[in-house]
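Subject: Structure for you to look at

Hello,

Here is the structure I promised to pass on. Please open it first, then read my notes below.

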Amino acid sequence: MAATPGAKCCTGMDCIDRIVGGGFPVGGMISVSGPCGSGKTNFGLEYLIRGAMGGQKGLYVSTVHSPGKLLTYLPKLDYADGKIFEKGTVVLKHIDEMGSGERDDGKITKSEAFAMVADIDEAIKEQKASRMVLDATNPILVEMEGWVARVFLQSLSKVLFDSKCTGLLITEGDVPDCQEHTMSDGIIKLGTAVRRGDNYRVLEVLKMSGAAHSRAKYVMDMTPEGLLITPMLRGF
Amino acid sequence: MEEAAPQILSKLNELGPSVSVDFNIGVEAYFDTLTALVDRFCNKKGLTCIYISVTMPSSTTISALRSLEIDTAKMRFVDCISFATMECASDDAQTVYVESPTMLEYIVLKMEYLFRKGKGEPFMVILDSVNSLAAHNEVRMLYEFMQVLMASAKSRGAYPVILSMEDQMKPELQEMLQLVCDQFVTLK
């Protein structure tokens, strides 16, 4: 049974739920994009950890670091149960475990893209995951022709919707009209703003389907108590 | 000038929490004010004190209070000075640092972090001082910041206290304080 229209996946990150209109659309595919060091991976991990604390199982698919290495990067989070990963409430996988590794002239073929999505689907079902994070999309999409990438994202979106699993696509970079954004149900942009020589980590919600979301720019801080945001001051 | 402490305690007890108050003080009353706020009010009422240090590093304030034999165990500092002088201790559980007093949003965020860390404890928030912040920021920016800071502290049921120095007051700063504070008290 596919996701019910209008149903929300309350992220458990208070500040995010407040500005996206209560949560992400259940079964939606949300793009979290931003340059290196903007906090995307931490955002994704907190999303899964908060879900696990509320009884929702999670799946984290990395296209970069191995699960073992990723565990050593986990930030110190005072709110989190340290055994979430040990207990398997959140499962970490690497994209190399998905599909067959088939390439044609160095490119991921359409059938291989489908195989990867099928394996993600299987992992979601096996884990009974309500939340999924794919971090990051770029390393695999760069190996696909444009049309294959579109088919991949379309299929992934359908899998998430059909299984009522709300997914985050972590996207490296600051390209406003990339394929991930076009196909996503929501876009959260992380980045850096400079004011009088000071660097600020900022967050904006550019799109959230079916929600009257905030369009303000927020300064954010990743703390041991989780992500915190406050509206960026304008001074006029 | 009369002793500052009785005036401060009487005012805070009269106003209760969630009412923002500015105490406009002379330099000579600074430590008397600090003692009254931290020892005779916060410690006596069992409040956790979030102390936003803009005038001097948190380590200096802690040393000064300890020399006066005041218990600082329930104090938490948002230190906006030490980072610039590279004097921030990474193992200090009592202090969180803001890189510059111009990064006003991070002061709000660090306060919010300490509220969350305190999980429902009763709080007092002391901003020391608005004049030092005004030396680094435009008044319009400061006005917006103070509104957010005060609203946030009030919504947590904290006692929000701003210190301002009588001999450093500019008219536009005083005007701003009168707009953002529920009470503006000049200690006689």
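Start with chain B, in the loop between β5 (123–128) and α5 (130–136): B:Ser129 lies there. A cis peptide bond links B:Asp128 to B:Ser129, with omega at about -5°. Keep in mind that this is a predicted model.

Chain A has a cis bond too. There, A:Asp135 and A:Ala136 are joined by a cis peptide bond, and omega is about -5°. A:Ala136 sits in the loop between β8 (131–135) and α6 (138–141) of chain A. In general, most peptide bonds are trans, and most residues other than glycine have a negative phi. Please look at both cis sites by eye.

Next, backbone angles in chain A. A:Asp105 is not a glycine, yet its phi is positive, at about 55°. Look for A:Asp105 in the loop between β6 (103–104) and β7 (107–108) of chain A. Is A:Asp105 buried or exposed? The cut-off for exposed is over 50% relative accessible area. A:Asp105 has 77% relative accessibility, so it counts as exposed.

A:Lys128 also has a positive phi of about 55°, and it is not a glycine either. A:Lys128 belongs to the loop between α5 (110–127) and β8 of chain A. With a relative accessibility of 65%, A:Lys128 counts as exposed.

Still in chain A, turn to the hairpin. β12(A) connects to β13(A) through two residues. Strand β12 covers residues 218–223 of chain A, and six bridges join it to β13(A). The two strands run antiparallel. A:Thr223 has A:Gly226, in β13(A), as its bridge partner. How many of the six residues of β13(A) are buried? Five are, and the strand (residues 226–231) is mostly covered.

Back to chain B, now as a whole. Its secondary structure comes to seven helices and seven strands. Along the sequence, the pattern reads α-β-α-β-α-β-β-α-β-α-α-β-α-β. The C-alpha trace of chain B spans about 40 × 35 × 30 Å along its principal axes.

Some totals for chain B follow. Of its 188 residues, 58% count as buried. Take the contacts between residues at least 6 apart in sequence: 77% of these join residues at least 24 apart. Chain B exposes about 7900 Å². Carbon and sulfur atoms supply 50% of that area. On charge, chain B has 16 positive and 25 negative charges. Their mean positions are 8 Å apart.

Where is B:Ser82 found? It is in the loop between β3 (75–79) and β4 (95–97) of chain B. Buried means under 20% relative accessible area. B:Ser82 has 2%, so it is buried. Which residues are in contact with B:Ser82, leaving aside its neighbours within four places in sequence? They are B:Pro57, B:Ser58, B:Glu87, B:Cys88 and B:Tyr97.

Best wishes

Terms used:
Residues are numbered from 1 along each chain as its sequence is written. Chains are lettered from A and ligands numbered from 1 in the order in which they are written. This is a predicted model: local features need pLDDT of at least 70, side-chain atom pairs count only at pLDDT 80 or more; totals for chains, interfaces and linings use all residues. Side-chain values use heavy atoms; hydrogens and water are left out. Helices (H or I, at least four residues) and strands (E, at least two) are DSSP runs, numbered from the N terminus. Buried means under 20% relative accessible area, exposed over 50%, partly exposed in between (1.4 Å probe, protein chains only). Contact means heavy atoms within 4.5 Å. Accessible areas come from the Shrake-Rupley method with a 1.4 Å probe; for residues, only the protein chains shown count as cover. Lys and Arg count as positive and Asp and Glu as negative; His and the chain ends are not counted. The place of a charge is taken as NZ of Lys, CZ of Arg, CG of Asp or CD of Glu. Two strands pair if DSSP finds at least two bridges between them.
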